[in-house]
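Dear colleague,

Please find below the structure that I am handing over to you. My notes on what was found in it follow directly after.

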Amino acid sequence: MNSDIFGAAVAFAGGVLIAWVNYLFSRRVISKCPERYAAMQIAKQMLQILYMAALFVFGKYTPWDRIWLLVAGTLGITLPMFWFTYKLVKFNDSLKRKEDLTDG
């Protein structure tokens with residue numbers, strides 16, 4: 001339990017959880033009110049920043065090295081985003097909304 005690898009795995013899992021929550025949030029916004037998708041990115045970014053700040057601040061109270069926690073947390077947020085972005089594009093394409101005539 002005192003191994004930095006275990007702490008990194010926990011931080012990575014937390015990052016994956018944050019990425020998954022962001023994906024679900026994005027999917028809901030795309031399906032309900034897609035015109036707010038760009039503004040919603042601020043909320044997603046704040047959640048990611050708060051997670052990284054929590055790892056940094058509370059990392060000194062854990063038996064694990066903060067660098068391991070920060071790197072693993074960053075990878076946990078970033079790596080799943082490739083898959084979730086692909087899924088969001090597929091979901092958006094499946095909605096097949098009719099384009100507005102005034103849309104250039």
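Ala8 is found in helix H1, where helices (H or I, at least four residues) are DSSP runs numbered from the N terminus. With a relative accessibility of 12%, Ala8 counts as buried; buried means under 20% relative accessible area, exposed over 50%, and partly exposed in between, with a 1.4 Å probe and protein chains only. This is a predicted model, in which local features need pLDDT of at least 70 and side-chain atom pairs count only at pLDDT 80 or more, while totals for chains, interfaces and linings use all residues. Residues are numbered from 1 along each chain as its sequence is written, and side-chain values use heavy atoms, with hydrogens and water left out.

Ala8 touches Trp68, Leu69 and Ala72, not counting residues up to four places away in sequence; contact means heavy atoms within 4.5 Å. Between Ala8 and Val21, which are 13 residues apart in sequence, the C-alpha to C-alpha distance is 20 Å.

Ala8 also belongs to the largest nonpolar core, whose 10 residues are Ala8, Ala11, Ile18, Tyr51, Met52, Leu55, Trp64, Leu69, Ala72 and Ile77. Such a core is a set of buried Ala, Val, Leu, Ile, Met, Phe, Trp, Tyr and Cys residues joined through side-chain atoms within 4.5 Å. At least two residues of this core come from each of helix H1 (4–32), helix H2 (37–58) and H3. Apart from it lies another core, of six residues, including Ala19, Tyr23, Ile30 and Phe91. Met52, a member of the largest core, touches Leu70, Gly73, Thr74 and Ile77, again leaving aside residues up to four places away in sequence.

Turning to the rings, the structure holds three aromatic pairs. Rings of Phe, Tyr and Trp (its six-membered ring) pair if their centres lie within 6.5 Å; planes under 30 degrees apart count as stacked, over 60 as edge-to-face and the rest as tilted. The pair of Phe6 and Trp64 is tilted, because the ring centres are 5.8 Å apart and the planes stand at 55 degrees. Since Phe6 lies in helix H1 and Trp64 in the loop between H2 and H3, this pair ties together parts that are 58 residues apart in sequence. Phe6 is partly exposed, with a relative accessible area of 35%, whereas Trp64 counts as buried at 18% relative accessibility.

Two arginines sit over rings: Arg27 lies over the face of Phe91, at 3.9 Å from the ring centre, and Arg66 lies over the face of Phe56, at 4.4 Å from the ring centre. The criterion is that NZ of Lys or CZ of Arg is within 6 Å of the ring centre and within 35 degrees of the ring normal.

Helix H3 (residues 66–95) contains Val71, which counts as partly exposed at 46% relative accessibility.

Yours sincerely
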